[in-house]
Amino acid sequence: YSQPKDSLEALMAQSSYKDIIKIQYGVDVYRFRYVTQDRGQKFDATALLGIPRMVEKKNFSASYILWLHGTSGFMDQCAPSRSQDGPLAVALLASQGHIAIAPDYIGMNGMGEKATMHHPYLVGESTAIGSLDSLRAADKLVPEYSKVVSHNGNLVIWGGSQGGHATFFSLLYAPYYAPEYKITAGLALVAPTDLVKQGELAITTLGEATVTLAAAFAAMSRWYGFGDKLNEVVTD
């Protein structure tokens with residue numbers, strides 16, 4: 001998914017956003033694996049990195065954009081870095097002059113050995129910490145992959161749907177877990193923010209939210225250690 005500027009312009013010309021977004025730079029896109037932790041236990045996770053390509057070879061200082069994806073699943077096969085969604089997202093953001101990082105989340109490894117836990121869906125702590133650690137991996141990788149692009153210290157956190165939920169939790173945890181980054185903005189789109197009310201809706205009106213809630217219960221029960229109580233809320 002690394003592309004020169006003219007190739008990205010040709011792709012954009014075929015999209016419905018061609019009159020809204022102008023491609024500024026070519027991009028280099030990388031998929032990487034890094035070490036994070038969940039409640040003190042080490043886990044491997046994966047993410048994508050998009051770096052704007054400087055044709056002029058002049059020094060360029062850019063902000064980080066941490067892109068947090070919406071619901072895609074709960075295991076390795078569902079990692080956005082395995083599909084077009086993740087790489088295209090970081091490519092688009094990098095084409096605007098940002099350094100883009102898009103984590104797959106703990107429990108959804110996009111490369112290498114399989115994850116040793118299921119993704120704790122809608123568990124804010126796990127997703128936030130795994131996402132913030134991807135920034136520290138990017139700190140090491142950006143100087144290795146680009147001799148002219150560097151991080152200016154600023155951070156924007158942005159996500160939609162589950163990614164909006166993850167954005168709010170990342171904003172809450174960042175000052176304590178990753179204080180080295182200066183957060184300049186946070187943007188959460190259609191974020192699930194009241195899980196109790198949304199849960200009430202899911203169990204009183206049959207729909208997509210009903211299925212999603214069942215999946216969330218299964219994931220949360222594992223993470224919080226209530227797996228033996230799942231049959232109290234989900235029945236045959």
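Q: Arginine 39 first: what is its relative accessible area, and does that make it buried, exposed or partly exposed?
A: Arginine 39 has a relative accessible area of 48%, so it is partly exposed. The classes are buried under 20% relative accessible area, exposed over 50%, and partly exposed in between, with a 1.4 Å probe and protein chains only.

Q: Before we go on, what sort of model is this, and what gets counted?
A: This is a predicted model: local features need pLDDT of at least 70, side-chain atom pairs count only at pLDDT 80 or more, and totals for chains, interfaces and linings use all residues. Residues are numbered from 1 along each chain as its sequence is written, and side-chain values use heavy atoms, with hydrogens and water left out.

Q: OK, back to arginine 39. Which residue does it form a salt bridge with?
A: Aspartate 38, with the closest N and O atoms 2.7 Å apart. A salt bridge here is a side-chain nitrogen of Lys or Arg within 4 Å of a carboxyl oxygen of Asp or Glu.

Q: And aspartate 38, buried or exposed?
A: Buried: aspartate 38 has a relative accessible area of 3%.

Q: Which ring does the charged end of arginine 39 sit over?
A: The ring of tryptophan 223, at 4.1 Å from its centre. To count, NZ of Lys or CZ of Arg has to be within 6 Å of the ring centre and within 35 degrees of the ring normal.

Q: What does arginine 136 lie over?
A: The face of tyrosine 177, at 4.9 Å from the ring centre. Arg136 also belongs to a network of salt bridges that links it with Asp133 and Glu180.

Q: How many aromatic pairs are there?
A: Seven. Rings of Phe, Tyr and Trp (its six-membered ring) pair if their centres lie within 6.5 Å; planes under 30 degrees apart are stacked, over 60 edge-to-face, and the rest tilted. One of the pairs is tryptophan 223 with tyrosine 224, which is edge-to-face at 4.8 Å centre to centre and 85° between the planes.

Q: How covered are those two, then?
A: Tryptophan 223 counts as buried at 10% relative accessibility, whereas tyrosine 224 is partly exposed with a relative accessible area of 48%.

Q: How many salt bridges does the count come to?
A: Six. Among them is the one where the side chains of aspartate 28 and arginine 53 meet, at 2.6 Å, N to O.

Q: Which strands do aspartate 28 and arginine 53 lie in?
A: Aspartate 28 is in strand β1 (residues 26-38) and arginine 53 in strand β2 (residues 41-53), so the pair ties together parts that are 25 residues apart in sequence. Helices (H or I, at least four residues) and strands (E, at least two) are DSSP runs, numbered from the N terminus. As for cover, aspartate 28 counts as buried at 19% relative accessibility, and arginine 53 is partly exposed at 28%.

Q: What about lysine 197 and glutamate 200, how far is it from N to O?
A: Their side chains meet in a salt bridge at 3.9 Å. The two residues are three apart in helix α5, so about one helical turn separates them. Lysine 197 counts as exposed at 53% relative accessibility, while glutamate 200 is partly exposed at 39%.

Q: Switching to polar contacts: which side chain does serine 81 reach?
A: That of aspartate 104, in a polar contact of 2.7 Å. The term means a pair of N or O atoms within 3.5 Å; within protein, one must be able to donate a hydrogen and the other to accept it, and residues adjacent in sequence count only if both atoms are side-chain atoms. Serine 81 lies in the loop between β3 (60-68) and α2 (85-94) and is buried, with a relative accessible area of 6%.

Q: And where is histidine 119?
A: In the loop between β4 (99-103) and α3 (124-145). Histidine 119 counts as buried at 2% relative accessibility, and a polar atom of its side chain lies 2.9 Å from the backbone oxygen of isoleucine 106.

Q: Last one: where is valine 190, and is it buried or exposed?
A: Valine 190 is in the loop between β6 (182-189) and α5 (195-204), and at 71% relative accessibility it counts as exposed.
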